[in-house]
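Please read the following report beside the sequence and the coordinates.

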Amino acid sequence: TLNDNTAAGAANFVFTGSTFLTGPTAAGVTPGTAPGQTLTIKSNNTQLNLASNETNDGTLILGDAADTSNAIVAGPTLTLTNGGTIDTVAGTDYLRLNLDNLGAVNVDATTFTDSNGGTTTIVNNGALNLAAGATYTIQGGSAIANDAGTITNNGTLTVNGGTFTQRGGATTANPITLNGGTLDDDTTAVTGAITDAGGGSTAPCTAPHPATPANHAYTITRN
């Protein structure tokens, strides 16, 4: 178990096996990782488990040269707030947690958010960047909401059976693929592109004027 907080000093940590990240519960102290800290979650089925709601202000790296699987796990009841950087760099990486992204998530490997342990939601108010050749699949009923961030999809971002919500954030480069999922959109949303791979739907939207906006650079195509 690593007991850490966002005001701690710079440090580097490497995790193997199943490890827990926790932090102090005192008033004014935020459990998580501090600026200048780097946490590497090695391959070979390494799993970092969040013991409480945490904040990452440092750098979390998933994967290494061993090129097998690893995961950050919190389940549907806990949230990681990312004000720093999360990098998926090698192997098969799993983000099995609610994520409020205010910083940068860089996907350079095969990455999944699935329903193992319960469905979760990725909320993007920062930058979600997929490198060329990288894949990020949200599946099993888990969802992603691009509220006020940017998604630069130079790889393949797919939502299988979940909901993609587009609001104030922009999506650029390759279209996002919905496969049996739901697009939640409205006329206040900004630029983006969606490919409907079949079986999808448009959700009733709680924001004003649910629709694909007339001045929106969306292209919705069916494979």
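## Cavities

What volume does the largest cavity have? The largest cavity has a volume of about 40 Å³, where a cavity is a set of points, on a 1 Å grid over the protein atoms alone, at which a 1.4 Å probe fits but cannot get out, and lining residues have an atom within 4 Å of a point. Grid points are joined across faces, edges and corners, and a volume is the space filled by probe spheres set on the points. This is a predicted model, in which local features need pLDDT of at least 70 and side-chain atom pairs count only at pLDDT 80 or more, while totals for chains, interfaces and linings use all residues. Residues are numbered from 1 along each chain as its sequence is written, and side-chain values use heavy atoms, with hydrogens and water left out.

The structure holds two cavities of 30 Å³ or more. Lining the largest cavity are Leu95, Leu99, Asn101, Val105, Ile122, Asn124, Leu128 and Tyr136, and the largest share of this lining, three residues, comes from β11; β11 (92-101) and β14 (121-124) each supply at least two of its residues, strands being DSSP runs (E, at least two residues) numbered from the N terminus. By class, this lining has six nonpolar, two polar and no charged residues, with Ala, Val, Leu, Ile, Met, Phe, Trp, Tyr, Cys and Pro counted as nonpolar, Asp, Glu, Lys and Arg as charged, and the others, Gly among them, as polar.

The second largest cavity, with a volume of about 30 Å³, is lined by Leu21, Leu48, Leu50, Glu54, Thr55, Asn56, Leu60, Ile72 and Leu80. Its lining divides into six nonpolar, two polar and one charged residue, and β7 gives the largest share, three residues.

## Nonpolar core

The largest nonpolar core has 33 residues, and those with the most contacts inside it are Leu128, Tyr136 and Phe164; such a core is a set of buried Ala, Val, Leu, Ile, Met, Phe, Trp, Tyr and Cys residues joined through side-chain atoms within 4.5 Å. The largest share of this core, four residues, comes from strand β9 (residues 69-82).

Leaving aside neighbours within four places in sequence, Leu128 is in contact (heavy atoms within 4.5 Å) with Asn101, Val105, Val107, Tyr136, Ile144, Thr150, Ile151 and Thr152. Leu128 also belongs to the lining of the largest cavity, as do Asn101, Val105 and Tyr136.

β17 pairs with β14 in the parallel sense over four bridges, two strands being paired if DSSP finds at least two bridges between them, and Val123 stands opposite Ala145. β17 also pairs in the parallel sense with strand β20 (residues 163-166), over three bridges, and here Ile144 stands opposite Phe164.

## Positive phi angles

Asn45, in the loop between β5 (37-41) and β6, has phi near 65 degrees, a positive value in a residue other than glycine. Asn45 counts as exposed because its relative accessibility is 59%.

Ala173, found in strand β21 (residues 170-173), has a positive phi of about 75 degrees although it is not a glycine. With a relative accessible area of 46%, Ala173 is partly exposed.

Terms used:
Buried means under 20% relative accessible area, exposed over 50%, partly exposed in between (1.4 Å probe, protein chains only). On a 1 Å grid over the protein atoms alone, a cavity is a set of points where a 1.4 Å probe fits but cannot get out, and a pocket is an open set with protein on both sides within 12 Å along at least five of seven lines; lining residues have an atom within 4 Å of a point.
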